[in-house]
There are 2 protein chains.
Amino acid sequence: MTTSFPVNRALEIIGGKWRPQVYCTLQDGPLRFSDIQRAIPDVSRKVLTDQLRELEQLGMVRRVDYSTEKHLHVEYSLTEDALGLQPAMNALCSWGECHDNQ
Amino acid sequence: MTTSFPVNRALEIIGGKWRPQVYCTLQDGPLRFSDIQRAIPDVSRKVLTDQLRELEQLGMVRRVDYSTEKHLHVEYSLTEDALGLQPAMNALCSWGECHDNQ
């Protein structure tokens with residue numbers, strides 16, 4: 001992080017094309033990769049993989065592997081830290097919904 | 001605007017390096033150009049001029065010219081539309097302040 005302005009620090013973490021959509025998709029609870037991909041139109045497998053990895057490295061997303069020998073089962077969820085952004089994300093979402101035509 | 005996701009629409013308008021700082025500087029009421037520039041470290045005259053013009057075109061900033069023949073006096077303020085983003089900006093600010101070390 002290079003900026004000292006708090007809003008910019010938040011936006012560096014949660015801004016960009018895909019991260020807000022990944023965030024909002026995970027707001028209701030843990031999901032598997034295929035569920036997230038289904039919820040986000042147009043995201044490719046590679047891009048979503050990269051985004052989830054970056055968000056994990058930033059401490060925003062937790063990846064838990066429940067796989068057994070027979071079944072691959074990985075779930076992604078928001079961390080406590082990430083959940084602290086919910087008021088901001090909800091407010092941005094409400095405002096964006098009211099500005100559909102601009 | 002090309003995106004259909006509400007959070008992204010909001011971030012396209014208020015994201016970037018300087019816009020959050022211009023926004024927060026104007027939150028407490030109208031200011032003159034020189035006041036805004038003083039409040040934002042490192043912003044150049046040209047960049048701030050461009051940012052204010054863009055925000056004005058987006059309907060976020062109002063520019064009122066009170067100049068007389070003798071005195072140049074222009075004030076900038078947030079529009080009603082822009083003030084609707086205050087909950088989001090305050091929440092982003094609080095979160096960013098708690099993540100100073102990342």
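1. A residue is called buried when its relative accessible area is under 20%, and exposed when that area is over 50%, with partly exposed lying in between. This definition is needed for the first point about the structure, which is a predicted model. In helix α1 of chain A (residues 6–14), eight of the nine residues are buried, so the helix is largely enclosed by the rest of the structure. The buried residues are P6(A), V7(A), N8(A), R9(A), A10(A), L11(A), I13(A) and I14(A).

2. What covers these buried residues of α1(A)? The cover comes from both chains. In chain A it includes α2 (19–26), α4 (45–57) and α6 (86–97). In chain B it includes α1 (6–14), α2 (19–26) and α6 (86–97). Just after α1(A), the residue G16(A) has a positive phi of about 95°.

3. The packing of two helices deserves a separate remark. Two packed helices are described by the angle between their axes and the distance between the axes. For α1(A) and α2(A), the axes come within 8 Å and cross at roughly 80°. Angles of 65 to 115 degrees count as roughly perpendicular, and α1(A) and α2(A) are therefore roughly perpendicular to each other. On the side of α1(A), the contact is made by E12(A), I13(A) and I14(A), and on the side of α2(A) by R19(A), P20(A) and Y23(A). Sorted by class, this contact has four nonpolar residues, two charged residues and no polar ones.

4. Chain A also contains a sheet. Strands of a sheet pair through backbone hydrogen bonds, either parallel or antiparallel. The sheet of chain A is open, has three strands in the order β1-β3-β2, and its pairing is antiparallel. Which strands stand at the edges? They are β1 (31–32) and β2 (61–65) of chain A; each has a single partner strand, so one side of each is left without a neighbour in the sheet. Helix α2(A) lies across β1, β2 and β3 of chain A and runs at about 100° to β3(A).

5. D65(A) belongs to strand β2 of chain A. It is partly exposed, with a relative accessible area of 45%. Leaving aside residues up to four places away in sequence, D65(A) touches H73(A) and V74(A). The C-alpha atoms of D65(A) and V43(A) are separated by 22 Å, and these two residues are 22 residues apart along the chain.

6. The sheet of chain B should be read next. It is an open sheet of three strands in the order β1-β3-β2, with antiparallel pairing. At its edges stand β1 (31–32) and β2 (61–65) of chain B, each with a single partner strand, so one side of each has no neighbour in the sheet. Strand β1(B) is joined by two bridges to β3(B), residues 74–78, and the two run antiparallel. L31(B) stands opposite Y76(B) in β3(B). Helix α2(B) packs on the sheet and touches β1, β2 and β3 of chain B, and its direction makes about 100° with that of β3(B).

7. The backbone at residue 42 of each chain calls for attention. Most residues other than glycine have a negative phi, and most peptide bonds are trans. By contrast, D42(A) has a positive phi, near 80°, and D42(B) has a positive phi, near 75°. D42(A) is found in the loop between α3 (33–39) and α4 of chain A, and D42(B) in the loop between α3 (33–39) and α4 (45–57) of chain B. Is D42(A) buried or exposed? D42(A) is exposed, with a relative accessible area of 75%. D42(B) is likewise exposed, with a relative accessible area of 73%.

8. The last point concerns how the chains are related. Two copies of a chain are related by a rotation about an axis and a shift along it. Here, chain B is superposed on chain A by a rotation of 180° with 0.0 Å of shift along its axis, and the RMSD is 0.0 Å. The two copies are thus related as by a two-fold rotation axis. Among the residues of chain B, A88(B) comes closest to the rotation axis, with its C-alpha at 2.3 Å. The same surface serves both copies, as 100% of the contact residues of chain B recur in chain A.

Technical notes. Residues are numbered from 1 along each chain as its sequence is written. Chains are lettered from A and ligands numbered from 1 in the order in which they are written. This is a predicted model: local features need pLDDT of at least 70, side-chain atom pairs count only at pLDDT 80 or more; totals for chains, interfaces and linings use all residues. Side-chain values use heavy atoms; hydrogens and water are left out. Buried means under 20% relative accessible area, exposed over 50%, partly exposed in between (1.4 Å probe, protein chains only). Helices (H or I, at least four residues) and strands (E, at least two) are DSSP runs, numbered from the N terminus. Contact means heavy atoms within 4.5 Å. Axes are lines fitted to C-alpha atoms, for helices over the stretch in contact, and angles run from 0 to 180 degrees between N-to-C directions. Angles under 35 degrees count as roughly parallel, over 145 as roughly antiparallel, 65 to 115 as roughly perpendicular and the rest as oblique. Ala, Val, Leu, Ile, Met, Phe, Trp, Tyr, Cys and Pro count as nonpolar, Asp, Glu, Lys and Arg as charged, and the others, Gly among them, as polar. Two strands pair if DSSP finds at least two bridges between them. Copies are superposed by least squares on the C-alpha atoms of residues with pLDDT of at least 70 in both.
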